[in-house]
Amino acid sequence: MGDNLQDRRSVFREYMRRMNPKADPGLALHEGLYVPSPLSTSAQIATRLELEPASTHLMIGATGSGKSTELFAIRGRLGKVGDVTALFQDVAAVQQLAQLKEGSLVGLAWRLIWADVTQRYQSIASGFSDATFATNIANGFWNDEEWPDDGDRFDWVPGLITPPQRNEDLERLIGYLKTLLSQVPTQYVLLLDGLDRMRDVAKLTSVLLYDLFTLVELGVGSVVVGPPELRGDAYREFNERFATFHFHGATDPNNDDAQTFLNRVLELRAVGELLPASSRNALVGWSGGILRDLIALAKNAGDNAYGSAHQAISESDVNDAADRFGRSLLVGISDSAATRLTSLSGFGITRYFAFTVASADDLDLLLRRLVIEVMEVPPKFFIHPTVRPLLRGLRKAV
Amino acid sequence: MQAEVWMVIVFSSGPSDHELASTIEELRALPETEHRPVEIIDASPIHTFLRTIFPMPEDVIVFAVRIEELTDEYLREFDAARNQLLGKTILFCTTELGLERLALLCPNVYSWIGGQCFAFDESEGVMNVEERLESLRRHFHLSDAEVIEHATLGTLPTDPAFVEWLALLGRGDLLGA
């Protein structure tokens with residue numbers, strides 16, 4: 001008996017380790033847990049980058065839809081191409097997004113590329129005498145103000161024409177980068193994650209337009225994960241500046257390919273007989289096709305099963321997890337958003353409905369995954385499955 | 001509790017010292033967490049929450065309190081920079097308002113929490129002891145005497161249910177025997 005219980009805990013522990021919605025996507029790929037999405041976003045982008053490394057690509061999608069994982073999949077695929085090097089960076093981890101400005105991504109590009117060159121091309125790195133200057137521009141440096149400025153003898157009187165301000169440091173950095181890139185036998189592609197968390201979309205588009213296309217002129221391609229607001233018509237012209245634009249969102253759990261995909265994700269991560277097919281199917285149904293929600297639900301169901309001393313995760317464990325998950329999604333919903341949500345639920349047995357983002361509440365419903373969008377032509381929208389059963393209570397409250 | 005879990009525990013009016021101590025004590029009763037260091041971080045005073053937690057070792061269980069007092073701007077900054085805290089174990093101990101603000105202003109953090117939101121209920125420990133003992137006896141097909149015997153001989157598995165069983169019998173002295 002003792003050994004069985006010890007085994008049971010070990011099995012559940014391993015299951016919970018694999019069902020981690022916060023897991024590093026790179027680790028998931030490394031452990032063989034990656035399943036190619038039927039949306040084929042990474043495959044399409046990687047194919048284009050193989051042929052045109054100095055191109056830019058934009059990816060948006062719901063929180064938890066697997067965008068970061070797709071970036072790592074792109075990196076893996078480009079790693080097999082001999083003369084292309086893909087470098088991943090979560091921009092928000094190294095740059096305060098509120099302070100992002102023109103040149104920030106060029107500085108980040110320098111830092112990433114220089115780190116790679118020093119690791120892989122030491123002879124080039126050792127001969128590159130301007131590296132310190134470039135790094136100082138990118139990272140900042142302490143300036144020794146030993147010699148005070150004497151000041152000019154004349155005062156400048158501005159004219160009627162104000163020339164554009166030059167960023168001389170940025171121009172120098174671009175020059176250093178250009179020189180370095182001319183010496184290395186590879187083309188670089190930057191995989192920039194985290195910019196979807198930037199709320200000042202106007203500033204972001206301005207920075208991207210300058211920095212990414214400056215890098216293109218230097219022969220550096222990029223894939224950027226952008227905020228969901230870029231889906232709006234107001235940004236259509238901006239999106240068209242990119243070689244490709246991808247909406248990597250939910251997979252429709254009613255679709256056979258999506259069901260196969262989501263089931264496979266769970267199969268690879270499950271341990272032994274812990275997650276039988278009926279429970280897997282239930283999880284797929286509750287997930288709304290959002291990858292992180294699928295994994296979080298599976299994890300929570302595991303919690304329930306272990307706490308209830310079940311030998312395997314039952315459908316009731318899954319349903320309890322779904323109930324708790326749905327309630328957590330509804331936390332903090334405003335009265336007006338709740339009214340909007342309950343009005344959408346009035347479509348009865350029809351799961352999909354027409355939906356246009358016409359207000360801040362509508363955007364909130366999408367950002368919080370209370371309404372899920374499946375990007376098809378035309379797009380399909382439906383209420384998150386874990387929320388749907390709770391709407392009757394919400395209707396009464398509102 | 002698994003490593004690098006993020007979860008929210010909601011207290012009616014922000015956790016008191018007693019409530020925090022009670023929660024930590026519950027964690028200590030679990031074999032997975034009994035030896036892990038615990039740090040209580042007051043999130044709000046000088047908005048250095050991220051910088052404080054970032055250098056902590058990954059085995060530390062962080063109890064983050066008073067996040068409900070963080071400004072909207074800082075919460076958004078936290079949400080944007082959440083990857084800096086990958087690998088950490090964080091329990092956000094907050095009020096219902098704090099949970100709502102987390103859901104609203106930190107959608108990416110909230111997505112990582114993945115529905116692991118619990119209400120602290122002090123009365124939850126005040127169970128019908130006899131009913132609970134009976135459910136344990138029925139499930140494991142063991143009597144109280146048999147469990148005590150196993151614990152004395154050191155043959156009792158360290159399943160949390162048995163820890164609870166001994167505690168309910170007032171034989172916490174046999175834990176770890």
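The following questions and answers walk through a predicted model of two chains, A and B.

Student: How many helices and strands does the secondary structure of chain B come to?
Tutor: Starting from the N terminus, the elements of chain B run β-α-β-α-β-α-β-α-α-β-α-α-α. Counted by kind, the secondary structure of chain B comes to 8 helices and 5 strands.

Student: In what order do the strands of chain B form their open sheet?
Tutor: The edge strands, each of which pairs on one side only, are strand 2 (38–42) and strand 5 (117–119) of chain B. The pairing within this open sheet of chain B is parallel, and the twist averages 20° from one strand to the next. The 5 strands stand in the order 2-3-4-1-5.

Student: Which residue in strand 5 of chain B does Val10(B) stand opposite?
Tutor: Strand 1 (residues 6–10) of chain B runs parallel to strand 5 of chain B, and 3 bridges join the two. Across this pair, the residue that stands opposite Val10(B) is Ala119(B).

Student: At about what angle does helix 4 of chain B run to strand 1 of chain B?
Tutor: Helix 4 of chain B lies across strand 1, strand 4 (89–94) and strand 5 of chain B.

Student: With which residues is Leu102(B) in contact, leaving aside its neighbours within four places in sequence?
Tutor: Leu102(B) belongs to the largest nonpolar core, which has 138 residues, and is listed with Ala109(A), Leu283(A), Leu294(A), Leu297(A) and Ala64(B) as touching the most other members. In soluble globular proteins, nonpolar side chains tend to be buried together. Once the neighbours within four places are left aside, the contacts of Leu102(B) are Val8(B), Ile67(B), Phe92(B), Val109(B) and Tyr110(B).

Student: How many residues does each chain give to the contact between chain A and chain B?
Tutor: On the side of chain B that touches chain A, the elements giving two or more residues are helix 3 (72–80), helix 4 (96–105) and helix 5 (107–113) of chain B. By class, that side has 12 nonpolar, 10 polar and 6 charged residues. The contact as a whole takes 33 residues from chain A and, from chain B, 28 residues.

Student: What distance separates the centres of the domains of chain B?
Tutor: Chain B is divided into domain 1 (6–124) and domain 2 (127–171). Taken over C-alpha atoms, the separation of the centres of these domains is 32 Å.

Student: How many residues of domain 2 and domain 3 of chain A are in contact?
Tutor: The domain assignment gives domain 2 (40–141 + 168–247) and domain 3 (335–397) of chain A, and their C-alpha centres lie 35 Å apart. The side of domain 2 of chain A that touches domain 3 has 3 nonpolar, 2 polar and no charged residues. In this contact, domain 2 of chain A gives 5 residues and domain 3 of chain A gives 6 residues.

Student: Which residue with a positive phi follows helix 17 of chain A?
Tutor: The buried residues of helix 17 (residues 360–367) of chain A are Asp364(A), Leu365(A) and Leu366(A), and they pack against helix 16 (335–344) and strand 6 (371–374) of chain A. After the helix comes a residue whose phi is near 65°, namely Arg369(A).

Terms used. Residues are numbered from 1 along each chain as its sequence is written. Chains are lettered from A and ligands numbered from 1 in the order in which they are written. This is a predicted model: local features need pLDDT of at least 70, side-chain atom pairs count only at pLDDT 80 or more; totals for chains, interfaces and linings use all residues. Two residues are in contact if their C-beta atoms, placed from the backbone, lie within 7 Å. Helices (H or I, at least four residues) and strands (E, at least two) are DSSP runs, numbered from the N terminus. Ala, Val, Leu, Ile, Met, Phe, Trp, Tyr, Cys and Pro count as nonpolar, Asp, Glu, Lys and Arg as charged, and the others, Gly among them, as polar. Two strands pair if DSSP finds at least two bridges between them. Axes are lines fitted to C-alpha atoms, for helices over the stretch in contact, and angles run from 0 to 180 degrees between N-to-C directions. Domain bounds come from an automatic or database domain assignment. A nonpolar core is a set of buried Ala, Val, Leu, Ile, Met, Phe, Trp, Tyr and Cys residues joined through C-beta atoms within 7 Å. A residue is buried if 20 or more other C-beta atoms lie within 10 Å of its own, exposed if 12 or fewer, and partly exposed in between; C-beta atoms are placed from the backbone.
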